[in-house]
Amino acid sequence: MGWNRKVLRVNLTAGTCTEEALNMQWADEYLGSRGLATKYLVSEIDPRVDPLSPDNKMIMATGPLTGTMASTGGRYTVVTKGPLTGAIACSNSGGFFGAEMKFAGWDMVIFEGKSAKPVWLYIENDKAELRDASGLWGRSCWETEEKIKEQLQDPLVRISSIGVSGENQVLYSCIVNDLHRAAGRSGVGAVMGSKNLKAVAIRGTKGVSGIKDFGAFLKATNDAKKVLADNAVTGQGLPKYGTQVLMNVINEIGALPTRNHRDVQFEDASKISAEAMHEKRASDGKTHLVTNAACFGCTIACGRISEIDKTHFTVKNSPKYWGASGGLEYEAAWALGAANGVGDLEALQYANLICNEQGMDPISFGATVGAAMELYELGLLDDAKIGIAAPFGSAEALAKMVEMTALGEGFGKELGLGSKRLCEKYGRPELSMSVKGQEFPAYDSRGIQGMGLAYATSNRGACHLRGYTVASEVLGIPVKTDPLTTEGKPELVKAFQDATAVFDSAGICVFTSFAWTLADVQPQVAAACEGDWSMEKLNEVGERIWNMERMFNNAAGFTAKDDNLPPRLTQEPAKTGPAKGLVNGLAKMLPEYYQVRGWTPGGEPTAETRARLGL
Ligand code: SF4
């Protein structure tokens, strides 16, 4: 059946944990994870609710392929109304926590209300209970994992937690599991902190049962794994170089946002690239990269495990950071590096370690530092205000700012609000490189036109994981399109957005889509889940999920005006590279996109579209 058919509802106000049957009609219409959890959320909360109030809810959910032998089937999602954007938020994480939730017998956990004092949730198969977290509050994600494992005397328990950042409700706090995997974007960790929920620890020993047709599932998953192994990106590029392989590629095509998007190429890109992580350091003769790593069930293994230079100024007096740890991945390396003009790989790794340790999204944090550095260079912020000189390129300022933001000290409190609020406060709102309040990831939309539309229309604010047209526009997957033209991009963006909703909802990693199309996912879902899971149905499910998220945002107050880009991208031409002289053509693409989607010119699904999708 794919699903466990069981939901755990945790009322933090009352301190209760109750079991419910999964709504199987919704499972048939929304598949699982992102889609199904969002259906629950939009059915249970007022779209206008304050994201940090007890009336908001937060759902941790698995998909039908989570915990199975499907490659990358270890994903889980956190769905809530996001505090950074005020829009729907769905953050996805790998590691082992999601599979453990499935092994304990649950499809999802719904958190509602707010605990009067800090608590953590312990799930051991069918048993669930809230425990006192007063001894954990104020601790990092890493310490929290250690303390809970110690307390339970169980090294195999899987834990998701927030650090001090989430407790302080830094608006881009994430939820960290397995030490360096995170439900990273949109501030889901701040929602968890607002509920006084420090951690969720799960031990499941039931395994996964109830696959509809085990023989067909075995064949489908084996066939799909072979596709991943035979593909140059998923079989060779990602395991060897990780997502960091993109740094030089994106820089060469002039789409690497640099110094808060002032530039589109970074002169030090090679110093913070995947290739640099393989080079031996002069100081100790060691490479930065120690090994690659895989999440549960993953046959790609794109994860990076690295060791920082012990003599670097950031850690020379802090041995706790000397061990091998997660990172750097491409998005984090870009946001902490090129976005700020910082070309010091060790400083980036340090900032990334702090983000993992205290639970912050390195993309939004790094991009907010980029905005602060531009405000500093314009004289709107100064050394006294920040606590350090902060010109573009300062590794010292990056290191100082990550510490103060993670711990909520001094100017860090302002950085913790994100770039939109920071730039508004200092009178230059247009300098926030964000959509709907969420900061851009690592692709400049003057050099990759489709990404401008994907960012502007992303339901959770600027994001590469909602419609990754980079695959087509840069890498030629599944077909090559010209990154410098707007032609055909509305259809391309819609196709990527709908397909990604299915990948996320199935419980698999979207990186498989470098090699897989929906045609590779469909036999796996069809063999695992009861019901009819044809290609036609999966396409419809993806479109239904996208429109459901959009309708929530519309009801929360978002309109077509919010499908926009900062003027820097639509009015300031790229200065160098293949896109030199170009701005993003959003104004041309957006009306076409609304038409392709079956939306009104005001950006709302028409009655006909809603009826077609059963919304
Ligand atoms: S491809 Fe990378 S992020 Fe995705 S499941 Fe595998 S190791 Fe994790």
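These entries follow the sheet and the cysteines in turn.

Before starting, I noted that this is a predicted model, in which local features need pLDDT of at least 70 and side-chain atom pairs count only at pLDDT 80 or more, while totals for chains, interfaces and linings use all residues. Residues are numbered from 1 along each chain as its sequence is written, and side-chain values use heavy atoms, with hydrogens and water left out.

**The sheet.** I looked up the strands (DSSP runs of E, at least two residues, numbered from the N terminus, as are helices, which are runs of H or I of at least four), and I counted two strands as paired if DSSP finds at least two bridges between them. Six of them form an open sheet with mixed pairing, in the order β8-β7-β12-β9-β10-β11. At its edges lie β8 (127-132) and β11 (181-183), each pairing on one side only. I then followed β7 (residues 119-124) and β12 (residues 197-203), which pair in the parallel sense over six bridges, and found E124 opposite R203 in β12. Helix α4 (residues 141-152) packs on this sheet and touches β7, β8, β9 (158-161), β10 (175-177) and β12, where contact means heavy atoms within 4.5 Å.

**The cysteines.** I searched for disulfides (pairs of cysteine sulfur atoms within 2.5 Å), and the count came to zero. For C90, the nearest cysteine sulfur is that of C463, 9.5 Å away. The sulfur of C423 is too far for a bond, because the closest cysteine sulfur, in C355, is 18 Å from it. C423 is buried at 0% relative accessibility, and C90 is buried at 4% relative accessible area; buried means under 20% relative accessible area, exposed over 50%, and partly exposed in between, with a 1.4 Å probe and protein chains only.

Terms used
Axes are lines fitted to C-alpha atoms, for helices over the stretch in contact, and angles run from 0 to 180 degrees between N-to-C directions.
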